[in-house]
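I opened my notebook to jot down what I could look up in this structure.

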Amino acid sequence: MVSFLVEVEGNLTDEQVREGFHALSDPIRLRVLQLLQGRELCVCDLCEELKVSQSKLSFHLKNLRDAKLVNARQQGRWIYYSLNPPGFQLLQHFLDRLGQAGPVKAAVPCVEDL
């Protein structure tokens with residue numbers, strides 16, 4: 001199995017790549033990220049905008065935090081979320097490396113069983 005380890009100001013591990021793309025694979029999490037573009041929002045605002053319960057949203061926000069795609073800041077009893085650009089930059093770097101692959105090498109022919 002091929003490992004896609006990338007170095008960008010530290011190591012981007014296979015697990016971070018999987019967590020990042022897993023976090024991006026859900027429509028609710030994608031919508032959260034869109035809502036956070038250029039601004040910070042509290043959980044109550046996100047719940048209202050998404051029409052979801054706080055418990056359901058908490059599950060999705062945990063996925064985004066684990067993937068290092070959002071930052072969380074507590075103020076009083078509320079938690080405010082914002083995008084974490086370095087998390088996206090690491091995933092972009094991973095995609096850029098894949099996209100810069102050279103020409104495809106032909107496979108070595110398999111030996112036929114006799």
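Entry one, the whole chain. I reminded myself that this is a predicted model. I went through the secondary structure and got five helices and five strands. Reading from the N terminus, I wrote the order down as β-β-α-α-β-α-α-β-β-α.

Entry two, surface and inside. I looked up the burial figure: of the 114 residues in the protein chain, 29% are buried. The accessible surface comes to about 8300 Å², and carbon and sulfur atoms account for 54% of that. I also checked the contacts between residues at least 6 apart in sequence, and 54% of them join residues at least 24 apart.

I found Asn63 in helix 4, which covers residues 54-66. Is Asn63 buried or exposed? Its relative accessible area is 16%, so Asn63 counts as buried, the cut-off being under 20%. I then skipped everything up to four places away in sequence and noted who Asn63 touches: His22, Ala23 and Arg29.

Entry four, Lys68. Lys68 sits in the loop between helix 4 and strand 4, the strand being residues 70-75. I got 45% relative accessibility for Lys68, so it goes down as partly exposed, because that label runs between 20% and 50%. Which residues is Lys68 in contact with, leaving aside neighbours within four places in sequence? I listed Gln16, Asn84 and Gly87. I looked up the Gln16 pair as well: Lys68 and Gln16 are 52 residues apart in sequence, yet their C-alpha atoms are 8.4 Å apart in space.

Note on methods:
Residues are numbered from 1 along each chain as its sequence is written. This is a predicted model: local features need pLDDT of at least 70, side-chain atom pairs count only at pLDDT 80 or more; totals for chains, interfaces and linings use all residues. Side-chain values use heavy atoms; hydrogens and water are left out. Helices (H or I, at least four residues) and strands (E, at least two) are DSSP runs, numbered from the N terminus. Buried means under 20% relative accessible area, exposed over 50%, partly exposed in between (1.4 Å probe, protein chains only). Contact means heavy atoms within 4.5 Å. Accessible areas come from the Shrake-Rupley method with a 1.4 Å probe; for residues, only the protein chains shown count as cover.
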